Amino acid sequence: MNQSISTAQKEQLIKRFHYSEETKAIIEKENLLPEGVLNRIQKAYPQHSSLLEKEEFHFNDKKNYSGLEGFREIVSILANFGIEIGHLEERELFIKVYRFMATKHVLNTINWADFKNDSVFQLVFPQPGMIRPDVTNAYLNADSAEAKEKIVKDYIRETNPHDGKQQLNKPTFINEDGEIEVIEGSQHKYPQCKLIFDVQTQNCFAFCNYCFRHAQVRGDDDMFIQKDVHQIHEYLKLHKEISDVLITGGDAGFLKADRFEEYITPIIEDPKLSHIKTIRLGTRVLTYNPEMIIAPAYNGMLKLFKKLYDNGIQLALMSHFSAPREVLNISTIAAIRRLKAHGVTIKSQSPIMNHISLFQKENGEVDIDRSAQNWIDLGNVFAMLGIGFHSMYLARPTGEFHYFNQPVAQINEVFSKVFRELASLNRPSRYITQTSSAGKISLLGTVDLPGEKLFALKFNEGRNMEWMDKVYLVQYDEKENTIANLKPYRSDRHFFEDELREIEQKLHDSIETGRNK
Ligand code: SF4
């Protein structure tokens, strides 16, 4: 079959997306979809690409579908096309506990002809088996709406978003009155990077099933919310070790241009902030709503990105791609090219998750080859579009972790294959990591000693950055799925544990003093 894309096919493709006339003009004028790019991608990855799909999309009216009502609407639209996703009550239980939202774009990214095996379907749609069987069975068998609601409420209380003691990452500083002030919408755990959870970014375009930030996106009491921009600049002035500011959420794609300008203007103009080198935006917009970036309403934001670039400040858009199909559609490709043309660095970091980017064979074992191939293809797609492969990581044990995780030993095999099969330039920039309160710990690989097998670990970031200087050994474990739980080798505790406890205590005391002032 001729896989190349002609000019007429490209026009048909653009028609399929129902862009506005203004967006079409931007695509044309800014050369966002050159045939050379589309053809090369299509030839390399026909198995992942949607570029030659022709049928009309199933979702053309609303921009997004939210909550139970939105989910039921999707189910009924799909039914019109003869598609039954099944397990509706169980899927709805998940939605009641965690929420649901999907954009038109992401719904149209799913290959509905084979939705069960589609990574994007697995990413956005609640799946049977996600909520613990005892809770699910109790819910399905409850005989009244009140009893069902009680099960949902009790279960919400059990879910644990802040396992890594994130509340301890809230920075404090001495304000102009000499008092300790807590910055409630921020985290500063590692010296070079400060996180901001801006008040405008407390939302997502769509919800990922595995989200560990469900306190943020569900609206729990212990959310991080930053209202005061000035407070951030005051803190940054006192912390010359900070080079990177990461605006996150929720999704930083929700930040409006005038609010973003408030953050960046002092950073560009005030010499006391000249130590800031990079602004990162943590966003899944390229997966869920890339049309936003190619619309004229985004021009104001692009101007600010260019201004940063022209002032020697890197704007890094941190995307979270897990599978090539998320990238290989014309809206995402055009959005990537538009951002890059305005001086934006695009990087991708994402967790390796069962059913989405980590696959099992029928006998339940991890399919090492298929899983690795997903990431190898993704890494090469990144290279073709100029995206930096920042990292792959193991999710923290929060949310429905049991559904998404596999043993560290298996992940190590997948990651090793990805690392050795990608050209060095296209590999993830670090070994696979998992976050705990102590820091981000990288799994370097296995060590075979006479009569024993071990894992070698190394901190990639740490509450004390000097911990990064050491490689340390832990016992090999075939079943353990959390790096921080691996047992120390020939010792009753890891080399950093006593110091970690002291650091945590100090942080706790400082936050309490600030709050009680
Ligand atoms: S975009 Fe990020 S914060 Fe929002 S649901 Fe997905 S993982 Fe969670």
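Helices, meaning DSSP runs of H or I with at least four residues, and strands, meaning runs of E with at least two, are numbered from the N terminus. With that convention, Gly-250 sits in the loop between strand S7 (244–248) and H12.

Good morning, colleagues. The structure before you is a predicted model, in which local features need pLDDT of at least 70, side-chain atom pairs count only at pLDDT 80 or more, and totals for chains, interfaces and linings use all residues. Residues are numbered from 1 along each chain as its sequence is written.

I begin with the overall form. The protein has 20 helices and 15 strands. Its radius of gyration, taken over C-alpha atoms, is 23 Å, close to the 24 Å that the globule rule (2.2 Å times the number of residues to the power 0.38) gives for 517 residues, so the protein is as compact as a globular protein of that length. Along the principal axes, the C-alpha atoms fill a box of roughly 65 × 60 × 55 Å.

Next, the domains. The assignment, with bounds from an automatic or database source, gives domain 1 (57–158) and domain 2 (166–430). Their centres, taken over C-alpha atoms, are separated by 26 Å. The contact, for which the C-beta atoms of two residues, placed from the backbone, must lie within 7 Å, takes 19 residues from domain 1 and 25 residues from domain 2. On the domain 1 side, strand S2 (101–103), helix H6 (104–109) and helix H7 (119–124) each supply at least two residues. H7 gives the largest share, 5 residues. By class, that side has 11 nonpolar, 7 polar and 1 charged residues; here Ala, Val, Leu, Ile, Met, Phe, Trp, Tyr, Cys and Pro count as nonpolar, Asp, Glu, Lys and Arg as charged, and the others, Gly among them, as polar.

I turn to one helix pair. The axes of H12 (residues 257–269) and H14 (residues 299–310) come within 9 Å and cross at roughly 15°; axes are lines fitted to C-alpha atoms, for helices over the stretch in contact, and angles run from 0 to 180 degrees between N-to-C directions. H12 is therefore roughly parallel to H14 (an angle under 35 degrees). The contact is made by Ala-257, Phe-260, Glu-261 and Ile-264 of H12, with Gly-300, Met-301, Leu-304 and Leu-308 of H14. These residues divide into 6 nonpolar, 1 polar and 1 charged.

Finally, the backbone. A cis peptide bond, with omega about 25°, joins Gly-249 and Gly-250. His-87, although not a glycine, has a positive phi of about 50°. His-87 is found in the loop between helix H4 (67–80) and helix H5 (88–98).

Methods:
Parallel < 35°, antiparallel > 145°, perpendicular 65-115°, else oblique.
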